[in-house]
Amino acid sequence: ATPTALMVGVGRGGQLGILIKGPDALEASGVIDTVVLDKTGTLTTGRMALERTVLAADGPVADAAELLALAAAVERHSEHPIARAITEAAHAAEVAEGETAHAAGLAGPEGRVDLAGAITEAGALPGQGVRARLERDGVVSEILIGTPALMAAEGTVLPADIAKALEAATADGRTGVVLALDGRVAGAFVVSDRIKESAAGAVARLKAMGLRTVLLTGDHEVAARAVGESVGVDEVIAEVLPTDKAATIERLQAEGRRVAMVGDGINDAAALATANLGLAVVTGTDVAMKSADIILVRKSLDVVPDSIALSRRTLRTIR
Ligand code: ADP
Ligand code: MG
């Protein structure tokens, strides 16, 4: 390989919004045959919005406003896009409630604000949710918020109304998370994300280039399949914990595949580092930047096929 051609390739990448860390990365991307794409933040915008709050009919929480306030008090401790959707919605609801109370000459939702202080411990369960300790009026309870799979693992049974609401939500690609208080389901939240406009086109181009495309996510199987179908990937691998994403890449490599992983670095830094080629989309964290070989700074996902095409062209020039 002539270093000059590689350096030209790296330079050309820069003009296309593709930051290639070195000649090795360029060479690696010329030989890959499989592209694994993370869902949240990569194929989707990762800017989630709360669509529905579902209160369990016979649950431990009396009203939907309190349910949302409880969830927000917990999610303040998480940086997940779902956490942001819930805290933003709760804040908007509090403001609205405060205004209504003010107009009626009443006090605002101070009781709700106190909930934040009532959360005395909170810990993220990566790819699953958050577990927290609630201390209210001297009574300590455990709050768990996260995937239906997490609830099942904890032995928490979903009541029929909540299970039904979640089923409806995931069927069209939305994500549902459950809130349980001391092992009793209080309700659920349905959040939606938007598939990037460029996603289906970019996947089609990758396939036309002869590459196998795989969607890899920690999200629910049904929701993941809905997204996978709408963007046209060849395969969907869902309900994979962050710690198992790298192992999934290794399994594909063991099957003889040379894998590029595209992620935003939230929960997929190890997978980016394990892949033959790691591509980080620009919204990614510092961790992702370090684990990636190529940084994609253009918003459109077209930058993925662009970078692989560029590498192939560069390698052809050399050989
Ligand atoms: P992805 O692989 O799509 O990036 P993650 O691995 O980040 O997804 O998360 C997988 C699932 O775990 C989410 O779809 C959600 O159901 C659950 N989850 C993760 N973090 C949280 C949180 N802070 N609150 C509620 N649910 C969460
Ligand atoms: Mg992600």
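**Before selecting anything**

The model is predicted, and local features are therefore reported at pLDDT of at least 70, side-chain atom pairs count only at pLDDT 80 or more, and totals for chains, interfaces and linings use all residues. Residues are numbered from 1 along each chain as its sequence is written, while chains are lettered from A and ligands numbered from 1 in the order in which they are written.

**The whole protein**

Begin with the C-alpha trace, which spans about 75 × 40 × 30 Å along its principal axes. Of the 319 residues, 46% count as buried; a residue is buried if 20 or more other C-beta atoms, placed from the backbone, lie within 10 Å of its own, exposed if 12 or fewer, and partly exposed in between. Among contacts between residues at least 6 apart in sequence, 60% join residues at least 24 apart, a contact being a pair of residues whose C-beta atoms, placed from the backbone, lie within 7 Å.

**The two domains**

Next, select 3–45 together with 195–318 as domain 1, and 49–192 as domain 2; these bounds come from an automatic or database domain assignment. The centres of the two domains, taken over C-alpha atoms, are separated by 33 Å. At their interface, 14 residues of domain 1 are in contact with 12 residues of domain 2. On the domain 1 side, helix 3 and helix 10 (221–231) each give two or more residues, and helix 10 provides the largest share, with five residues.

Now select the open sheet of seven strands, whose order is 1-13-12-11-2-9-10 and whose pairing is mixed; two strands pair if DSSP finds at least two bridges between them. Strand 1 (18–20) and strand 10 (235–237) are at the edges and have a single partner strand each, so one side of each is left without a neighbour in the sheet. Neighbouring strands here are turned by 20° against each other on average, direction ignored, with axes fitted as lines to C-alpha atoms (for helices over the stretch in contact) and angles running from 0 to 180 degrees between N-to-C directions.

Move to the open sheet of six strands, which has the order 3-8-7-6-5-4 and antiparallel pairing. Its edge strands are strand 3 (49–55) and strand 4 (119–125), each of which pairs on one side only. Strand 3 pairs with strand 8 (residues 184–192) over six bridges, and A49 stands opposite S192 there. Helix 8 (residues 160–171) packs on the sheet, touching strand 3, strand 7 and strand 8, with its direction at about 15° to that of strand 8. Helix 4 (residues 64–75) lies across strands 3, 4, 5, 6, 7 and 8, and runs at about 125° to strand 3. Further into the sheet, eight bridges join strand 5 to strand 6, with G129 and G146 as bridge partners, and G146 also stands opposite V178 in strand 7.

**Two positive phi values**

Most residues other than glycine have a negative phi. Select D137, in the loop between strand 5 and strand 6, where phi is positive at about 50°; D137 is exposed, with 5 other C-beta atoms within 10 Å. Then select E239, in the loop between strand 10 and helix 11 (242–254): its phi is near 55°, and E239 is partly exposed, with 17 other C-beta atoms within 10 Å.

**The ligand**

Which residues are closest to ligand 1? Of the 23 residues that surround ligand 1, the closest are T40, S78, H80, G127 and G218, a residue being near a molecule if its C-beta atom, placed from the backbone, lies within 6 Å of it. Helix 3 (39–43), helix 5 (81–103), strand 5 (129–136), strand 6 (139–146) and strand 7 (175–181) each give two or more residues to this shell. Colour the shell by domain to see at least three residues from each of domain 1 and domain 2. Coloured by class, the shell has seven nonpolar, 12 polar and four charged residues; Ala, Val, Leu, Ile, Met, Phe, Trp, Tyr, Cys and Pro count as nonpolar, Asp, Glu, Lys and Arg as charged, and the others, Gly among them, as polar.

Terms used: Helix = DSSP H or I, 4+ residues; strand = E, 2+ residues; numbered from the N terminus. Contact = placed C-beta atoms within 7 Å.
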